[in-house]
Structures are given as C-alpha cells and as structure tokens.
Amino acid sequence: MAESVQSTSEAQGRYNPAEIEPKWQARWDADASLYAAEGHSGDGEARAKPKFYCLEMLPYPSGQLHMGHVRNYAIGDALARFMWMRGYNVLHPMGWDAFGLPAENAALKNDTPPAEWTLANIAAMRQQMRRMGLSYDWATEVTTCLPEYYRWNQWFFLKMYERGLAYRKKSKVNWCPQCATVLANEQVVDGRCWRHDDTLVEQRDLTQWFLRITKYADELLDGLDKMDGWPEKVRTMQRNWIGRSEGALVDFAVSESSEKIAVFTTRVDTIFGATSVQLAPEHMVAKGFAASDAALAGQIEEMLAQQKAARESGDLGAIEKHGVDTGKFAINPFNGELVPIWVANYILADYGTGAIMSVPAHDERDFEFANKYGLPVRRVIVPRDKNRQQQDQERNAGVLRSAQNDNVSVENPVEQLPYTAKDDAVLIDSGQWTGESCIEAQKKMAAFAKANGFGSATVTYRLKDWGVSRQRYWGTPIPMVYCTNGHAGTEPGGVVALPESALPVLLPAQVKITQQGGSPLGRVADFVNTACPVCGGPARRETDTMDTFVDSSWYFYRYTDAKNSAAPFDSAKANYWFPIDQYIGGVEHAILHLIYSRFWTKAMLDLGLIANDEPAARLFTQGMVIKDGAKMSKSKGNVVSPDLMIERYGADATRMYALFAAPPDRDLEWQEEGVAGISRFLARVHRLTMKYAATAKEGVGADAAAEAKLLRTLHQTIAKITADFSGRWHFNTCIAAIMILVNEVAAAEPPMDAGNISGPVIAEVFRNLTLMLAPFAPFLAAELWQALGGEGAVFRVAWPVADAELAREEEMEIPVQCNGKLVTVIKVPVGSDAATIQAAALADAKVAARMEGKNVVKTIVVPGKLVNIVVR
C-alpha cells in the first residue's frame with residue numbers, strides 16, 4: 001500500500017515534505033535572481049567564472065508531466081545545481097515546443113481552440129515543474145507558438161529563400177492519413193507515422209516547400225568525427241541516415257534512340273560484367289516505353305502497386321523482386337555491348353538516378369534477380385593472388401554463365417558467386433583495365449568516362465532535402481504569397497517572398513479545423529486574400545504551415561536572448577554561451593531534431609549570426625521509464641503522474657528515485673515502492689541532522705578513532721560523487737554512497753550521544769552531507785542547511801573538496817583462495833608487503849581448516865589483490 005506524506009498535525013520534528021517543500025518553493029519563487037545566469041556576455045563578475053550551458057530538450061505541452069519527463073529533468077537539474085556549486089556561471093532554461101498536431105486533435109475532440117488548449121497546458125506543466133523544484137530561469141522561457149518566437153521562424157525562412165536554401169517543387173511525399181498532412185522522410189518509421197505507429201504512410205504527389213539540407217550533407221557527416229561528446233550510437237544513426245556513397249555517374253545510350261539512361265554505381269570497376277540495365281517503374285524512359293506498349297504499361301502499374309504495398313508494410317527492402325524485359329537495349333559505353341533494359345520493382349525512383357546497371361557476378365541483389373530470371377552472369381573481378389591458369393580455366397568453362405550454375409566444375413573451383421570484394425582484388429576481361437586493382441580502376445574508369453563525355457565521378461546521399469510544408473493550422477505560417485496577375489520577373493501565380501517588415505504573418509485566431517479539404521488556413525478568406533508586396537495587385541497567401549521541427553531547430557539560441565524584439569538573438573550573447581555544454585534528451589530524436597538542429601546551426605553560421613558550427617559539445621541520451629513492459633507514455637495508458645508521487649512522498653523522494661533506480665543511460669523499471677524507500681531514507685537523514693544540528697554548532701568531546709572512521713567515509717563519498725558528476729554520471733551509485741555515509745553516521749549515534757565525537761567533526765559531516773544532497777534533494781537540503789546555520793542558498797555554496805589523506809583506508813580487504821576457490825576475505829594494513837599478507841592468510845581459521853591434513857605446494861601473493869594457496 002502506498003505511504004502518505006505525514007500531515008502537519010503529526011509529531012513536531014518529523015520529516016514532512018508536504019510542509020517543507022512548498023515553504024522553500026515559495027521562497028525560491030520570490031527570488032527572480034536565484035537561478036539566473038550572471039551575465040550573457042562574460043562582463044563583470046561572470047568573466048571570472050567558466051560558463052556552463054545545461055539544457056534538457058524542451059517538451060511538447062501535452063497537459064501533464066509523467067515520470068519519464070521527471071527523469072530527464074532531474075538529470076539536468078542535478079547537473080546544473082552541481083555546476084553552480086562548482087563555481088560556474090550556469091544557464092539552465094526551459095521552454096515549450098508548443099506548435100503541433102495534438103493541439104489540433106484536442107480542438108476537434110473538445111471544441112477548444114488550439115491556442116487556448118496549449119497555453120492552459122503550459123501553465124499546468126510549468127506549475128508541475130516548479131513543484132518539482134526544478135532550477136529553471138523562467139525569465140528566459142520560450143514558447144514557440146507565440147508570435148514573438150515564430151516571427152523569427154519566418155525570418156529564417158526568408159533568409160534561406162534568399163540564399164536558395166528554401167525552394168518549392170512538386171514531388172512524391174509521405175502522407176499520414178490520420179494526421180492529414182505530409183511527413184518528412186525522417187518522420188516515417190518502418191513505413192508508419194512517427195506519431196501513430198499503427199498508421200501506414202501513403203505516397204502522394206504534392207507541391208511542397210523544402211529546405212536544402214543536402215547542401216550541408218558533407219559538413220553534417222564530417223562534423224560527426226569531431227563530436228566526441230556525443231554517443232556513438234547517435235553518431236552512427238546520423239552517418240547511416242546521411243548515407244554518403246562515392247561512385248560514378250555513367251550514361252547508357254538507349255539503342256536506336258536519342259535517349260540516355262544515367263546510372264549511378266559505386267562499382268564502376270565491374271561495368272564490364274553488366275548484363276542488363278534496370279529501371280524503376282516510374283523512370284521517364286520506362287514511361288516512354290510504356291506509352292507505346294500497353295502490356296508493358298500494365299506490368300509497370302503492377303510493380304508500382306507492389307512498391308506501394310511494400311512501403312506501407314514498412315519493409316520495402318524485403319520486397320519480392322519482380323521485373324519485366326522491355327525488349328529494348330542500352331549500350332554499355334565502355335565496350336559498346338548491347339545489354340537488355342528491364343523494369344524492376346526493387347529499383348526506386350527517388351534513390352540515386354532510378355536506374356542501375358546489373359552486375360550479377362558481383363552484387364547480391366543483382367545475383368538474386370538474375371537467378372530468378374535466368375540472366376547471364378559474367379565474372380570480371382578475382383582475388384589478386386588467383387593465378388592466370390585458373391582464370392583461363394574459368395574463362396574456358398564459359399564467359400557467360402547462368403546464375404543457376406555459378407559453381408563451374410573445373411580443376412580449381414571458383415569462389416562462390418557473387419564475389420563482392422574489392423580490397424586486394426583485380427579486374428579481368430575488362431579491356432585496358434584488366435589487371436588493375438579495383439580501387440585504382442574505379443578512379444581511372446571514372447576519369448575515362450568524364451574525358452569521353454559519358455560520365456564522371458560523383459557522390460550521392462541517402463539524405464534528402466527536408467520537406468517542411470504541413471497541411472495543418474497549428475504551425476508557423478510560411479511567409480510567401482502567390483501574385484495573381486504576375487509582374488516583371490514573376491509569372492501569374494508566381495511565388496513572391498514577403499518583406500521582413502510584413503513579419504510576423506499571424507495565425508488567424510478562430511479557424512474551423514476539420515482535417516479535410518487541405519490546410520484549414522485555405523478556408524479563411526481574410527487570411528488567404530492579400531496584396532502582392534511587389535506590384536500591389538491581388539495575391540494569395542501560402543496556406544501550408546511549417547513543420548514543427550523548424551521550431552525546435554534553433555530554440556536553444558533564443559534562450560540566450562529571449563526578449564529580443566529586433567533579432568532572433570544577440571550574436572554576442574549566443575557566442576558567449578554556445579556551444580551547449582550538456583544537452584540531455586531521448587535517442588529517438590537522433591535523426592529528427594538532432595540532425596535538423598545541426599543543419600540549422602550550420603546555416604546560421606553561414607548567415608554570420610553565430611561562431612559555432614555545432615549546437616552542443618556533449619549530448620546525453622537518457623534511458624526510458626518502463627512500466628508494465630512498455631515505455632511510459634500517454635498513448636499506452638501506463639503513465640504515472642508525478643503529482644500523485646509528490647502527494648504521497650514529496651518531490652525530493654520522487655526525483656531522487658528517478659536518479660537512483662538505474663544508471664541514467666539505462667531503462668528504469670518503474671516501482672512505486674522504490675519511491676517509498678527513498679522517502680524513508682530522506683526521513684532518516686532529516687532525523688539525524690535535526691538531532692545533531694545544535695551539537696554541530698556547539699561542539700563537545702572527542703574520540704579520535706570514531707572521528708577518523710566518520711571522516712574517512714565522508715571524504716570517500718565526496719571524492720566518489722565529484723568524480724561521477726565529472727565523468728560517467730552514475731547518479732545511482734552517488735546516492736548509494738550517500739546512503740552508506742548515512743549508515744555510518746547512524747552507527748556513530750552512541751558515541752555522538754556520549755559526547756565522544758567533537759562538535760567540529762559532527763559539523764563537518766552534516767554540513768557536507770547536506771551539500772552533497774543538494775543536487776538530488778534540494779528542498780530537504782535547504783531545510784537542513786538552515787537548521788545547521790548555513791547562510792545563503794545551499795546550492796550556491798561551494799561544493800566540498802575531498803581530503804585524500806582523510807579518505808585513505810587504514811586497512812584493505814584481500815580475498816584468499818585455496819586451489820583457486822575463494823575461502824575467505826582477510827583485512828590487512830594498507831601497504832602491507834607479501835610476507836605480511838601471506839602470514840595473515842595462513843593464520844586465518846577458515847584457511848587453516850581448509851588446509852588441515854594437506855601439504856602446501858606453493859603460495860601465490862599478489863599484494864593488494866589476492867592470495868592463492870595451492871595444496872595437495
């Protein structure tokens with residue numbers, strides 16, 4: 001049964017977080033400077049302090065925090081408080097990722113305007129954060145749905161448009177039927193919407209606005225090598241998403257036609273082994289063939305349906321491969337050979353050029369396709385050390401071989417095909433490049449293609465430009481209009497950018513949201529109908545809004561200058577604080593927010609707004625909170641409210657449990673009994689400190705041995721917590737170390753009560769215990785600090801420094817083995833030599849019993865480590 005916080009009517013002096021915590025929160029709320037950074041520019045007193053920008057990812061204001069949020073924020077809060085105590089100038093802000101789909105869904109469900117719903121949720125969540133005692137500087141608060149913020153989204157869009165980074169085109173896009181809007185590629189997970197894992201994403205052809213993130217593909221990729229403070233898992237995910245491929249672009253001319261088929265290949269060295277060219281069903285050349293071939297057209301439609309079904313199932317890579325021979329031929333530009341042109345369902349129009357050269361002998365996928373359709377297989381790559389005789393034997397066995405007969409029976413059997421190696425491999429039967437290594441041949445053949453006008457070396461990326469148009473109401477209006485009549489340089493209906501003086505373009509306050517018939521803004525005549533800013537004639541506003549990931553791509557810069565009405569932020573202030581020293585959030589944002597924000601930073605660097613080229617020096621991705629076998633989330637119905645935990649146990653116990661139950665990078669299995677246990681521990685600390693607070697001030701007699709033991713544990717604890725905050729962040733073991741210290745203090749109650757431990761030692765122990773609790777349990781620490789006579793805010797007091805001499809153990813434990821099996825553990829003075837350790841081991845009663853009646857063959861002593869006695 002859950003324990004309840006004791007009421008104020010209970011015995012005086014008992015730990016009562018329901019009384020302690022609101023009292024201190026009221027005091028903290030009254031001091032606006034308490035959590036404020038001391039200066040953004042490094043002037044004055046702040047110049048002498050190193051800066052530390054501590055940031056947790058901002059939340060979507062869904063209405064209520066749950067324990068997953070609490071864990072994230074407790075990690076950042078503990079770190080911020082620790083850094084204040086270490087003498088840093090700390091910026092620790094909070095804001096709201098306030099645009100987005102849930103507000104529109106709530107408007108549909110509850111007939112509540114999105115703005116009203118969102119702002120009410122923000123107020124409720126802000127109050128929850130205050131009640132948790134989180135150390136945010138609310139003067140820097142950012143709310144992305146307010147015009148004072150989103151006007152700068154529009155400003156950035158215009159700047160990107162000026163530089164060709166924002167553009168509009170018709171393309172195949174991802175469409176979520178439940179969201180009724182477009183999704184970026186990064187927002188499609190296993191063929192489903194990132195918000196609705198039960199909703200299959202469709203493909204539609206729409207005209208959309210894009211941001212040219214691909215311009216920064218190499219910078220985004222190369223930057224990962226310098227980001228040692230980011231988890232390797234996140235960097236690997238981004239490398240794979242960017243997907244850089246080096247290769248060659250080669251033109252295959254269509255026989256008896258003026259058309260050409262451009263093929264991108266990473267293995268131009270294998271081109272003499274190409275036995276077909278294969279096209280995506282949507283390739284323009286395939287469509288041209290189908291225009292005069294009804295049977296082919298029907299087969300292509302079937303393949304398009306197969307691709308659509310595979311996309312929607314989320315397993316496009318596992319599509320069963322189908323193809324059709326068009327009856328047409330292409331000319332291999334390297335040898336003039338005619339190769340058949342096929343259309344295949346596993347070739348994608350939006351990947352590479354939508355066409356491949358098929359080399360079955362040296363590609364797994366091509367080999368599988370050739371095996372199915374009986375296409376020829378020609379081997380043109382062999383290991384470097386394969387002798388000429390074996391090559392001749394293979395050639396005599398048949399230059400062209402069916403894939404079903406890849407193991408040719410000759411005196412020296414060939415390697416299993418397909419043979420895909422390129423390192424330490426060479427070309428055969430490849431014209432003037434025969435005998436070249438694969439690596440060298442790739443360079444020379446790409447250069448040959450360029451010199452002869454049918455290709456060149458090139459690089460492609462998996463990363464595509466970021467589609468930012470959304471057919472929704474609750475987002476940033478795109479600051480573009482379409483001039484009805486046109487004017488010089490602009491066709492009728494052409495795009496015209498608004499001047500900066502027209503910003504912000506405000507969202508209409510009252511809009512009927514139906515999720516039908518396109519963007520809701522398109523039905524608001526007063527919004528749509530406007531004047532062209534160039535010619536003054538009639539114009540129509542863009543009615544799509546921006547992807548909400550635009551809002552979160554730069555919000556952390558706004559924190560440095562949140563009230564600026566003349567610019568997104570002051571560059572000097574941003575340059576003082578950036579890069580973020582520690583960013584904290586979920587790994588699920590690795591290829592969404594985290595890659596978009598890196599792009600935005602690089603674009604702002606090119607705009608001259610900032611000096612840094614990456615937003616965060618260090619990134620920490622916390623584990624999830626698990627309940628009932630699943631991640632805690634509203635959609636799964638397994639949310640635990642921190643309000644309920646605070647009511648029962650207090651905020652300190654709630655947040656401290658989130659840090660104690662598991663290392664912060666691991667998943668945490670929710671157990672309410674754990675919160676109750678932490679509450680009991682804090683009550684113990686409260687009881688001990690209050691009992692000895694007066695003694696700590698006044699001082700009594702002394703017992704050197706008891707004092708030494710207390711001080712040793714104290715300084716070992718200081719050293720451990722200091723090291724953990726500076727390195728691995730194992731807050732669970734930090735709190736465990738504090739628990740060990742408290743056990744030692746409790747064990748010393750009799751000598752303290754008897755006056756055998758001096759007042760200064762008692763004062764040092766309780767003072768430093770309170771300081772070490774401050775990052776984890778700030779309310780209780782403030783209460784205890786006051787009781788101990790401390791001055792000022794406890795988390796603005798200098799962090800304690802460990803004394804290595806006082807922390808040094810007098811004895812060490814040594815395991816003793818007999819024939820390799822543990823018998824006992826002995827204690828010897830620190831620094832004992834081998835002879836002393838051996839004598840202590842042999843004198844131990846358990847060891848003597850194990851040795852009785854046996855002969856000692858030898859004794860192995862590793863000083864400070866172990867003793868192993870070998871007997872027979």
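**Exercise 1. Describe the pairing of strand 33 with strand 34 and with strand 36**.

Step 1. Strand 33 (residues 811–818) and strand 34 (residues 821–829) run antiparallel and are joined by eight bridges. This is a predicted model, where local features need pLDDT of at least 70, side-chain atom pairs count only at pLDDT 80 or more, and totals for chains, interfaces and linings use all residues. Residues are numbered from 1 along each chain as its sequence is written, and side-chain values use heavy atoms, with hydrogens and water left out. Strands (E, at least two residues) and helices (H or I, at least four) are DSSP runs, numbered from the N terminus. Two strands pair if DSSP finds at least two bridges between them.

Step 2. Pro815 stands opposite Val825 in strand 34.

Step 3. Inspect the turn. Two residues lie between the strands of this hairpin, and Asn819 takes a positive phi near 55 degrees.

Step 4. Turn to strand 36 (residues 866–871). Strand 33 runs parallel to strand 36, with three bridges. Here Val816 stands opposite Val867.

**Exercise 2. Characterise the packing of helix 18 against helix 21**.

Step 1. Two packed helices are described by the angle between their axes and the distance between the axes.

Step 2. The axes of helix 18 (residues 651–660) and helix 21 (residues 731–747) come within 7 Å and cross at roughly 115 degrees.

Step 3. List the residues. Helix 18 brings Met656, Leu659 and Phe660; helix 21 brings Phe731, Asn732, Ile735, Ala736 and Met739.

Step 4. Sort them by class. The contact has seven nonpolar, one polar and no charged residues. Ala, Val, Leu, Ile, Met, Phe, Trp, Tyr, Cys and Pro count as nonpolar, Asp, Glu, Lys and Arg as charged, and the others, Gly among them, as polar.

**Exercise 3. Is Gly100 buried or exposed, and which residues does Gly100 touch?**

Step 1. Locate the residue. Gly100 is in the loop between strand 3 (95–96) and helix 3 (101–110).

Step 2. Gly100 counts as buried because its relative accessibility is 5%. Buried means under 20% relative accessible area, exposed over 50%, partly exposed in between (1.4 Å probe, protein chains only).

Step 3. Leave out residues up to four places away in sequence. Gly100 then touches Tyr60, Trp474 and Thr548.

Step 4. Compare sequence with space. Gly100 and Asp547 are 447 residues apart in sequence, yet 8.3 Å apart C-alpha to C-alpha.

Step 5. Follow the chain into helix 3. Its buried residues are Leu101, Ala103, Glu104, Ala106 and Ala107, and they pack against helix 4 (114–131).

Note on methods: Axes are lines fitted to C-alpha atoms, for helices over the stretch in contact, and angles run from 0 to 180 degrees between N-to-C directions. Contact means heavy atoms within 4.5 Å.
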